[in-house]
Structure formats: C-alpha cells, structure tokens
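Here are a few notes to read alongside the structure. Take the points in order and find each place on the model as you go.

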Amino acid sequence: MADVARLAGVSPTTASKVLNGRSDVGAKTRELVLGVMAEIGYKPTAVRHEQARERTLVTVLDIVESRYAGTVLQGILMAATSARAELLLRLPPGEPISESRPAAGAWIEEQQASGVVGLIALAVAVPDSVLGAAEDLRLPVVTIDPIDTTESRLVSIGSTNWAGGRSATEHVIKLGHRRIGWIGGPLGSAPSLERFHGYQAALDSAGITPDRALIRHEAFSVEAGQRHARDLLSSGERPTAIVAGNDEIAVGVLAAAKELGIPVPGELSVTGFDDTPQTEWTTPRLTSVRQPLVGMGRMAVETVLGMADGVQPASRHLQLATTLSVRDSTGPAPSP
C-alpha cells in the first residue's frame with residue numbers, strides 16, 4: 001500500500017480509501033490509484049464498498065482463559081470499537097509460519113489482503129520469521145507484556161514491573177515481615193524477571209538477605225502457586241509473607257494456606273500482581289499490584305493504528321505506572 005501511494009503521488013490514507021471503496025475520493029484520483037495497483041500487481045482479495053468498519057486488527061494470544069488476558073482484551077475491544085476497527089483473535093502461528101520467512105510472509109500478506117492493518121501480540125513471543133516479514137511488508141506490530149523486551153524491532157506496551165514488585169515487597173516489610181517468600185512466573189519472561197528484581201531490591205534496601213529456599217519460579221498459574229506454597233508452608237521455617245508474581249499464583253497460595261490451616265493474614269500475608277477482578281472475590285480479598293490492564297489494551301490499539309497511519313510512537317517501549325491496592329490478605333507479621 002505504501003508503494004501504491006508513493007507511485008500514485010497520494011497519501012497512504014488516500015490509497016487505503018480507494019482500496020476500501022470510500023466515496024470521498026475524486027474519480028481521477030481513484031482511477032490513478034487503481035491503475036498503479038494494477039501496474040505493480042497489488043491484488044487484494046476484495047474491495048469492500050460502503051463498509052462500516054474499514055480496518056481490522058489481529059490480536060495473537062494463547063491465554064484466553066486467564067483473568068489477566070480477559071481484562072486486557074476488554075481494553076483492546078473498547079479501543080477498537082471506538083476506532084471503528086474490526087478485531088480478530090488468533091492463536092500464535094505454528095510451523096511452518098513460525099520457522100519459515102517465506103511462509104510468514106505469505107501469512108502476513110493474507111492478513112493484509114483481508115484488511116488487517118496491525119498486529120497486537122498479548123504476552124506471547126513473536127517469532128523472528130513473523131517479525132521480519134511484518135517489517136518487510138510494513139505491517140505494524142505492537143506487543144503487550146512481551147516475553148522478550150530486548151528486541152529492538154518491537155514496540156511494546158507494559159507496566160512498571162520492577163517498581164510494582166518492589167512496592168509489594170516493601171509493603172510487607174513495613175508490616176514487620178522478614179521471612180518473605182517469592183513465587184513467580186518463568187525466568188524466561190521479562191515481566192516476571194523484572195518483578196522478581198523489584199522484590200530483591202526491596203529486600204536489599206531493608207538489609208534482608210534473600211533466602212534462596214524461599215524463592216520459586218515456574219508458571220503464572222493457580223496450580224503452580226498452590227504447589228510451591230504448599231511446599232514452602234510445610235517447611236520447618238516457613239515464610240510469614242509470600243509475594244506472588246501474579247494474581248493467579250496468589251490465588252494458589254491462598255488455597256494452599258487454607259488447605260494447611262494457616263490463617264491469612266494472621267500467620268501469612270500474601271500479595272498478588274495485576275489486580276484483576278478476582279482479587280475482590282478471594283477470601284480474604286487479595287492485596288495486589290495494580291497494572292492498568294484496560295489502559296494497556298487501549299494504548300496498544302491506539303499505538304498500532306497510529307503506526308498504520310505512519311505515526312511512530314515517541315518510545316518503542318511504553319510503560320504505564322503501577323500502584324499497590326491494599327486489601328485484607330496482608331497484615332502485621334505474627335509474633336515470634
């Protein structure tokens with residue numbers, strides 16, 4: 001489309017209007033753009049006349065069942081609706097697309113031919129083949145909570161994970177806790193690692209030496225949280241507080257504490273991360289670091305649509321501020 005616009009001497013927006021059958025383009029301009037399309041072999045699958053929604057976005061994710069994903073998707077859907085853009089959900093592409101540059105290129109071309117103007121990846125890795133093909137074909141890609149934040153070709157939307165991990169840990173330190181456990185997501189996840197580093201920084205600042213026996217990393221799941229918490233809470237010197245890498249893990253910690261008859265927050269304080277709606281449903285209600293999940297979804301849509309219109313974001317790595325929502329799952333450290 002960019003080539004069509006350049007050769008026709010019009011803006012990308014005008015070329016897009018012609019492709020989509022918009023009526024607010026002059027007959028001569030329309031004829032010129034269509035001629036260039038024919039000349040260079042630009043062949044969309046269909047020209048959509050008088051279509052109410054002119055643009056389509058694809059969101060790629062593989063964790064639809066989580067409250068985190070559902071809340072971010074709410075923001076994506078709200079922003080897409082406001083922008084009169086269609087929204088499609090897809091699972092991450094498998095082989096050969098994830099391994100082959102030509103296959104990835106064909107996949108990207110297929111998306112563009114159906115009107116897709118941008119790709120949003122939600123907490124999933126974008127294969128190098130897809131990223132390269134998208135760059136070649138000028139399809140903007142924006143990631144939310146990317147697994148890898150070092151990829152310079154990606155525009156990412158996230159939150160201040162390090163500060164959030166630190167604030168949760170500082171909160172329980174101020175309540176008098178010294179044996180503070182950590183149960184986080186996979187070390188290969190950049191958000192998980194940043195939160196863990198925030199936990200470590202808070203301990204260091206308070207002069208508390210981290211106990212490696214109290215630190216666990218696995219998956220952002222209730223099952224992982226419950227299993228590791230059961231192990232930590234069954235040990236001789238169990239922690240009096242556990243900082244969890246997300247709300248799913250924290251829910252698992254609460255379940256393990258109930259199973260073992262350990263009162264929360266009487267003998268164990270628990271914090272989560274994300275501040276998903278389920279924090280209000282747990283017993284007790286969960287203290288959690290609030291990520292602006294809906295705002296992250298909205299910003300991703302606004303950013304990718306801006307990029308589709310040729311507007312580059314001010315920063316390639318955008319971070320929204322986190323805040324700590326204190327509820328009933330944290331309290332003073334128990335007396336020795």
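1. A definition to start: two strands pair if DSSP finds at least two bridges between them. Strand 6 (residues 180-184) and strand 8 (residues 241-244) are joined by 4 bridges and run parallel. Look for tryptophan 182, which stands opposite valine 243 in strand 8.

2. Keep in mind that this is a predicted model. The chain has a mean pLDDT of 90, with 94% of its residues at 70 or more. Over residues 45-53, however, the pLDDT is below 50, and this stretch has 22 contacts in the model beyond near neighbours in sequence.

3. Why should helix 7 (residues 161-174) span 20 Å? Because its 14 residues are counted at 1.5 Å a residue; the end C-alpha atoms are 20 Å apart, which agrees. Among the buried residues of helix 7 are Asn161, Gly164, Ala168 and His171. After helix 7 comes glycine 176, with a positive phi near 100°.

4. Finally, the domain assignment gives domain 1 (1-40), domain 2 (55-160 + 293-320) and domain 3 (161-291). Taken over C-alpha atoms, the centres of domain 1 and domain 3 are 56 Å apart.

Technical notes
Residues numbered from 1 in each chain as written. Predicted model: local features only at pLDDT ≥ 70, side-chain atom pairs only at ≥ 80, totals over all residues. Heavy atoms only, no water. Helix = DSSP H or I, 4+ residues; strand = E, 2+ residues; numbered from the N terminus. Expected span 1.5 Å × (residues − 1). Buried < 20%, exposed > 50% of the residue type's maximum accessible area, 1.4 Å probe, protein only. Domains from an automatic or database assignment. pLDDT = per-residue confidence, 0-100. Contact = heavy atoms within 4.5 Å.
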